Structures are given as structure tokens and as C-alpha cells.
Amino acid sequence: MSFEEFLAFIHVVASIVWVGGAIGFEYTAHGAVKRGDDESMKLLARDADRIGVIFGISSALVLGFGIWAVVDRSYISFADTWIWLSLVITGVLFMMGPLFFMPNAKRLIADSETKGGTHPDVVTRAKRVLTVAHLDSAAALFVVYLMVVKPGA
């Protein structure tokens with residue numbers, strides 16, 4: 001395996017974990033919100049907090065190895081539309097973790113334990129987080145599209 005292949009392998013595997021994990025978690029979260037029972041909502045809040053670590057690591061690997069791959073290859077450039085647009089979107093999505101998802105997961109845990117998992121505030125926050133998660137996943141899928149199709153290349 002060449003070094004270039006190694007970079008691509010890590011980049012793709014991290015992308016699979018990040019995007020696939022996000023879509024899978026959204027599916028699970030919808031089930032918890034639909035069930036609407038106290039225990040499901042409490043578990044959802046705790047799972048969102050724990051899985052955020054996996055998303056953070058995988059998105060950092062995607063971003064880092066993506067930048068490294070561009071620097072390492074002479075035939076692609078940061079000026080290529082599909083590269084800079086992918087980096088911008090991935091950077092924004094990476095920042096969504098610590099700026100939006102982590103604080104909301106912590107608050108969901110605290111609120112579900114003090115108010116109960118079926119309290120209207122908890123359910124409303126969980127639905128808001130899910131809505132943002134859908135947008136996040138759609139943007140991540142658009143980045144996958146850019147990586148595969150490479151428009152303008």
C-alpha cells in the first residue's frame with residue numbers, strides 16, 4: 001500500500017464512520033422520540049453525548065486526512081471547487097459538534113434527569129437537535145457527492 005493509498009483509506013473509512021454513524025443514530029433517535037417514554041428519552045440523551053466523541057474523532061480525521069491528501073498530491077489543489085467547498089462544509093460540520101451538539105446533549109441529559117425524559121422541554125430540545133442533525137447529515141452527504149463526482153475537475 002502506497003502512502004497516497006493509506007491517506008485515502010483513512011479518509012474514506014473515517015467518512016464512512018462519520019456519515020453512516022450519523023444517519024444510523026438519527027434513525028435510532030427517531031425511534032426514541034416516537035416511543036416518547038421516559039427511559040427511551042433518557043437513553044437517547046446519554047447516547048447522544050457518548051456517540052459525539054466518535055463523531056468528533058471521525059470528522060477530525062476526515063478533515064485532517066483530507067487536507068493532508070491535498071497537500072500530498074500535485075494533481076489537486078485547494079483552488080479546485082470540489083476541494084475548497086468540501087473543506088468549508090466539513091469544517092463547519094466539525095464545529096457543529098462542540099458548538100451545538102455537545103452542549104445540547106449535556107442539557108438533554110440534565111433536563112431528562114431532573115424534569116423527566118417526557119417533559120415538553122426535553123422533547124422539544126430533542127426534536128430541535130434531530131432537525132439540525134438532519135441538515136448536518138444532508139450536508140455531509142453533499143460532501144460525499146463532491147468527493148465522488150468532483151465537479152469542475
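## A buried arginine

Arginine 73 is buried, with a relative accessible area of 17%. The cut-off for buried is under 20%, so arginine 73 falls within that class. The model is predicted. Arginine 73 forms a salt bridge with glutamate 4, and the closest N and O atoms are 3.7 Å apart. This pair links distant parts of the chain. Arginine 73 lies in the loop between H2 and H3, glutamate 4 in helix H1, and 69 residues separate them. Glutamate 4 counts as partly exposed, at 30% relative accessibility.

## Overall build

The chain has four helices and zero strands. Along the sequence, the pattern reads α-α-α-α. The C-alpha trace spans about 55 × 30 × 25 Å along its principal axes. Of the 153 residues, 38% count as buried.

Among contacts with a separation of 6 or more, 75% come from residues 24 or more positions apart. The chain exposes about 8,600 Å². Carbon and sulfur atoms supply 70% of that area.

## Nonpolar core

The largest nonpolar core holds 26 residues. Val33, Met41, Leu44 and Leu108 touch the most other members. Helices H1 (3-35), H2 (38-72), H3 (81-114) and H4 (120-149) each give two or more residues to this core.

What does leucine 44 contact, leaving aside its neighbours within four places in sequence? The partners are Phe25, Ala29, Ala32 and Val33. Val33 is also among the core residues that touch the most other members.

## Helix H2

H2 has 35 residues, which at 1.5 Å a residue should span 51 Å.

## Threonine 90 in H3

Threonine 90 is found in helix H3. Is this residue buried or exposed? Threonine 90 counts as buried because its relative accessibility is 4%. Setting aside neighbours within four places in sequence, threonine 90 is in contact with Trp18, Val62, Leu63 and Val143.

## Helix H4

The 30 residues of H4 should span 44 Å at 1.5 Å a residue. The end C-alpha atoms of H4 are 43 Å apart, which agrees. Just after H4, lysine 150 takes a positive phi of about 50°.

The buried residues of H4 include Val122, Val129, Leu130, Val132, Val143 and Leu146. Arg125, Asp136 and Ser137 are also among the buried residues of H4. The cover over the buried residues of H4 includes H1, H2 and H3.

## Other salt bridges

The whole structure has four salt bridges. Side chains of opposite charge can pair when their charged atoms come close. One of the four joins glutamate 113 and arginine 46, at 3.7 Å from N to O. This pair also links distant parts of the chain. Glutamate 113 is in helix H3 and arginine 46 in helix H2, 67 residues apart. Arginine 46 counts as partly exposed, at 29% relative accessibility.

Arginine 50 forms a salt bridge with aspartate 47. The closest N and O atoms of this pair are 2.5 Å apart. Why are arginine 50 and aspartate 47 separated by about one helical turn? Because they are three residues apart in helix H2. An α-helix has 3.6 residues a turn, so residues three or four places apart point the same way. Arginine 50 counts as exposed at 54% relative accessibility, while aspartate 47 counts as partly exposed at 28%.

Methods:
Residues numbered from 1 in each chain as written. Predicted model: local features only at pLDDT ≥ 70, side-chain atom pairs only at ≥ 80, totals over all residues. Heavy atoms only, no water. Core = buried A, V, L, I, M, F, W, Y, C linked by side-chain atoms within 4.5 Å. Buried < 20%, exposed > 50% of the residue type's maximum accessible area, 1.4 Å probe, protein only. Contact = heavy atoms within 4.5 Å. Expected span 1.5 Å × (residues − 1). Areas by Shrake-Rupley, 256 points an atom, 1.4 Å probe, with all protein chains shown as cover. Salt bridge = Lys/Arg side-chain N within 4 Å of Asp/Glu carboxyl O.
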